[in-house]
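Work through these exercises with the sequence and the model side by side. Try each task before reading its solution.

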Amino acid sequence: SYTTDTKSREENKKTLQNLYSLSVDITKIRRLKEWVLFQDVAYVKEIAGILQEMGADETTVASIIERCPEAILHTPAEINSQRALWQLVCQNEKQLIKLIEQFPESFFTAKYQQNQKANILFFQELGLKNNIITRFLTSALNIFYNPVEKNKNMIETLQRNYLNLGGSEANMKIWILKLLSQNPFILLNTSTAIQENLEFLQKNDFTDQEVLQLLSKLKGFIFQLNSTTMQKSMLFSKNIFKCSDQELKQLVLKCPALLYYSVPVLEERLEGLLKEGISIAQIRETPMVLELTTQIVQYRIKKLSALGYDIKSGNLESLNGTKKDFEVTYGKIQSKKERPIFNPVAPLHTED
């Protein structure tokens with residue numbers, strides 16, 4: 001254990017000396033996490049040695065320590081355990097050192113190692129590919145801190161609900177794996193929250209098939225919501241679009257963001273669209289445009305306007321989709337504009 005209280009203490013000279021010998025930029029550490037330099041015990045040489053064993057060169061070692069100074073406060077035993085853990089999902093040490101270089105903080109958070117190991121093995125049994133598990137380790141580390149039983153219970157709850165909603169046994173594994181790979185954070189929820197959210201949708205007359213459709217479209221984010229915020233968002237959309245309950249349901253199925261985003265977010269995005277001269281009727285026709293931030297919408301409208309495309313008179317489909325989708329649409333409009341209009345029946349002007 002170490003303390004972040006650095007008052008009336010001196011920097012550890014031995015630590016400084018060892019860091020200098022590794023060509024580490026100490027000013028970066030002072031700026032980032034100065035308290036590390038005040039600790040009585042640090043394992044600079046040992047941690048550098050482990051990284052070098054894995055294939056890291058001097059520049060890489062220095063870069064890792066500069067970006068994650070607390071790495072030197074872990075014991076070699078802790079880091080070797082962490083190394084063995086990550087090797088369960090890495091093809092080789094070359095891949096492992098590359099991951100450590102990209103995500104040093106994830107690797108050097110060496111806690112709950114028993115839970116981490118049990119969860120890695122559980123995810124592998126479940127059928128998740130190792131590259132997905134490494135993505136979880138670098139971006140959703142918290143899910144590995146859960147006792148494995150909690151994660152198992154959550155998966156069982158999801159499977160049970162999937163079948164209760166009419167999902168087929170044959171597709172269930174694919175559905176679960178897809179849901180998890182899209183949003184691993186669903187494992188941080190409780191079974192009660194999942195149950196309440198599904199009941200909310202059923203009470204709002206969504207059929208089991210429609211609820212399943214929403215779960216797939218929302219990538220599991222629905223489990224991070226609560227009935228109060230969903231109710232407020234739906235009421236807001238109903239008032240804005242002046243529609244019936246049935247029409248609102250169709251809008252939500254078309255654009256689950258109407259359920260997922262809070263009222264302030266929807267308000268801000270709506271306002272941004274209206275400022276660009278887009279009408280409520282156009283938004284109602286293509287509600288998916290509300291999935292985009294105001295900045296993205298402005299950028300896309302500007303690009304299309306430069307091609308002479310008037311968004312106010314057309315539909316909003318051209319604004320939609322991912323960055324890649326938009327680039328494809330933009331490319332089509334651009335090539336259409338650049339293509340000369342050839343009239344096959346027009347007389348050819350030739351010299352006699």
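**Exercise 1. Overall build**

What radius of gyration does the chain have, and what would a compact globule of 352 residues have?

Solution. The model is predicted, so local features need pLDDT of at least 70 and side-chain atom pairs count only at pLDDT 80 or more, while totals for chains, interfaces and linings use all residues. Residues are numbered from 1 along each chain as its sequence is written, and side-chain values use heavy atoms, with hydrogens and water left out.

- Step 1. Take the rule: 2.2 Å times the number of residues to the power 0.38, with the radius of gyration taken over C-alpha atoms.
- Step 2. For 352 residues, a compact globule would come near 20 Å. The chain has 27 Å.
- Step 3. Check the box along the principal axes: the C-alpha atoms fill roughly 85 × 70 × 45 Å.
- Step 4. Count the secondary structure. The chain has 21 helices and zero strands. These are DSSP runs numbered from the N terminus: helices are H or I with at least four residues, strands are E with at least two.
- Step 5. Look at the contacts (heavy atoms within 4.5 Å). Among those with a separation of 6 or more, 73% join residues 24 or more positions apart.

**Exercise 2. Burial and the core**

State how much of the chain is buried, then describe its largest nonpolar core.

Solution.

- Step 1. Set the cut-offs. Buried is under 20% relative accessible area, exposed is over 50%, and partly exposed lies in between (1.4 Å probe, protein chains only).
- Step 2. Of the 352 residues, 44% count as buried.
- Step 3. Define the core: buried Ala, Val, Leu, Ile, Met, Phe, Trp, Tyr and Cys residues joined through side-chain atoms within 4.5 Å.
- Step 4. The largest such core has 107 residues, and Leu51, Phe108 and Leu259 have the most contacts inside it. Helix H12 (residues 169–182) gives the most to this core, with six residues.
- Step 5. Zoom in on phenylalanine 108. Beyond its neighbours within four places in sequence, its contacts include Ile47, Leu51, Ile64 and Cys68.
- Step 6. Recall the general rule: in soluble globular proteins, nonpolar side chains tend to be buried together.

**Exercise 3. One face of a helix**

Which residues of helix H2 are buried, and what do they pack against?

Solution.

- Step 1. H2 covers residues 26–33, and its buried residues are Ile26, Ile29 and Lys33.
- Step 2. Look down the axis of H2. The buried residues fall within an arc of 65 degrees, so they line one face of the helix. The arc is that of the directions from the helix axis to the C-beta atoms.
- Step 3. An α-helix has 3.6 residues a turn, so residues three or four places apart point the same way.
- Step 4. The partners of these buried residues are helix H1 (13–21), helix H4 (58–67) and helix H7 (104–107).
- Step 5. Now take lysine 33. Its relative accessibility is 17%, so lysine 33 counts as buried. Leaving aside neighbours within four places in sequence, lysine 33 contacts Pro69, Glu70 and Glu105.

**Exercise 4. Cysteines**

How many disulfides does the structure hold?

Solution.

- Step 1. The test is a pair of cysteine sulfur atoms within 2.5 Å.
- Step 2. The structure holds zero disulfides.
- Step 3. Check cysteine 90. The nearest cysteine sulfur, in cysteine 68, is 17 Å away. Cysteine 90 is buried, at 10% relative accessibility.
- Step 4. Check cysteine 243. The closest cysteine sulfur, in cysteine 255, is 12 Å away, which is too far for a bond. Cysteine 243 is buried too, with a relative accessible area of 7%.

**Exercise 5. Positive phi**

Where do serine 23 and lysine 242 lie, and is each buried, partly exposed or exposed?

Solution.

- Step 1. Most residues other than glycine have a negative phi.
- Step 2. Serine 23 has a positive phi of about 60 degrees. Serine 23 sits in the loop between H1 and H2 and is partly exposed, with a relative accessible area of 47%.
- Step 3. Lysine 242 has a positive phi of about 45 degrees. Lysine 242 sits in the loop between helix H15 (227–241) and helix H16 (245–254) and is exposed, at 70%.
- Step 4. Follow serine 23 to a partner. Glutamate 58, in helix H4, contacts Leu22 and Ser23, leaving aside neighbours within four places in sequence. Glutamate 58 is partly exposed, with a relative accessible area of 45%.
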